[in-house]
Amino acid sequence: MAEFFANIPKIKYEGPQSTNPLAFKYYNPDEVIGGKTMKEQLRFALSWWHTMGGDGTDMFGCGTTDKTWGEASPEARAKAKVDAAFEIMDKLSIDYFCYHDRDISPEYGSLKETNEKFDELIDYIAEKMKADPSKKLLWGTAKCFDHPRYMHGAGTSPSADVFAYAAAQIKKAIDSTIKLGGKGYVFWGGREGYETLLNTNMGLELDNMARLMKMAVEYARSKGYDGDFYIEPKPKEPTKHQYDFDTATVIGFLRKYGLDKDFKMNIEANHATLAQHTFQHELRVARDNGFFGSIDANQGDPLLGWDTDQFPTNAYDATLCMYEVIKAGGFTNGGLNFDAKARRGSYTLDDIFYSYIAGMDTFALGLRAAYKLIEDGRVDKFVDDRYASWNTGIGKDIIDGKVGFEELEKYALEKGEVTDSLTSGRQEYLESVLNQIMFTL
């Protein structure tokens, strides 16, 4: 088997003073923080689509990076991708990977032939995983969005035939996830939405999307799958009105259709900002409602209005992300999947390693800072003190259900003006606390 990256050594931790571009500055896999190693807490994953297939193509230009892996035929190229992916994961000490089915093996002349070729590659991946048991599947999914058949959606298509085809494709993707021991399966709903209500039966589309998900859960559970199902909230990618716009919207959908016991969120940073939310906001909504599951680690460009899927280098966002992860009790079946791609101008294969090192170091910084923020206690204490009025007196009576409008009216009339009960939010002070913690790591 050829070595694709002979010039790249196994990436080691050298500490923050190192200037070696092929070394970790902050990610020390075996370092124990909060009772667990960094590797256990961060659970980094390689994204098959961007890393093994993304060649820099964008809406204005063709690819700039050769991701053929030295092979001309689709079958040989798919197998070479497996070999290259495992080499990348080994050299970066990444234990997990994620894929869409068509990232592993492309479509062929018929669904039957496509499934057969796909199964061959899944068998080959299984062999690689047996040879290196440290490598695991974080989650799988079906690519029910790029083929013309899905131009109007998959689960929400106006065509029942398309719905049936999508179900068959998802079944096969679930089978592969189970075979490789994955503990997560993601629904990516980029085409599940509409451009205009003039041609859309929105109620039927939402009902059908729920039907597809229920079928998936029932099938997977019947096959012994005990992992999580995830929905990845996203707006504007690419449909104008998407049914999975943000975490709150998805939670409402899941509860309406009785899917809330099986599904959690796979939160992507770039999707949060496209929905006009912060990354932390989406994680907090998921955590507060019991839907925290997994994360797609990337970032967007605030000056651009689309999903740029950049490698995460914003240590502030990573800190606030890991704060939410820690407060949620850490990952169970989920992890940090680098749904990110090197910039189009970063076109060499070596840039794969520079990009992953930058992302892994950023989240290692975030993990360190988040623990310090919690241990420092000033932010958490400020929040507790700000809401202290709900622990005693009228606040506690409201929470305990002991008062209604009549009692509250009587209280307000007796109390009079209440502005003196307010305190400053001290946002600037709290942001300075975060700065102090981050810059004294």
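Predicted model: local features only at pLDDT ≥ 70, side-chain atom pairs only at ≥ 80, totals over all residues.
I started with α13 and α16: Arg378, Val379 and Phe382 of α13 touch Tyr429, Leu430, Val433, Gln436 and Ile437 of α16. Contact here means heavy atoms within 4.5 Å. By class I get 6 nonpolar, 1 polar and 1 charged residues in the contact of α13 with α16. For the classes, Ala, Val, Leu, Ile, Met, Phe, Trp, Tyr, Cys and Pro go down as nonpolar, Asp, Glu, Lys and Arg as charged, and the others, Gly among them, as polar.

Residues are numbered from 1 along each chain as its sequence is written, and side-chain values use heavy atoms, with hydrogens and water left out.

Next I looked up the geometry of the pair. The axes of α13 (residues 378–386) and α16 (residues 427–438) come within 10 Å and cross at roughly 160°. Helices are DSSP runs (H or I, at least four residues) and strands likewise (E, at least two), numbered from the N terminus. Axes are lines fitted to C-alpha atoms, for helices over the stretch in contact, with angles from 0 to 180 degrees between N-to-C directions. So I wrote α13 and α16 down as roughly antiparallel (angles over 145 degrees; under 35 is roughly parallel, 65 to 115 roughly perpendicular, the rest oblique).

Then the cysteines. How many disulfides does a search of the whole structure find? I got 0, with a disulfide taken as a pair of cysteine sulfur atoms within 2.5 Å. For Cys144, the nearest cysteine sulfur is that of Cys98, 17 Å away. Cys144 is buried at 8% relative accessible area (buried is under 20%, exposed over 50%, partly exposed in between; 1.4 Å probe, protein chains only). Cys321 is in no disulfide either, with the sulfur of Cys98 nearest at 15 Å, and Cys321 is buried at 0%.

I also checked Ala173, which sits in α6 (residues 160–179) and is buried at 0%. Leaving aside neighbours within four places in sequence, Ala173 contacts Asp101, Thr141, Ala142 and Tyr185.

Last, the backbone. I found a cis peptide bond joining Glu237 and Pro238, omega about -5°; Pro238 is in the loop between β10 (228–231) and β11 (241–242). Trp69 has a positive phi near 55° and is buried at 6%. Gln276 has a positive phi too, about 65°, but counts as exposed at 67%.
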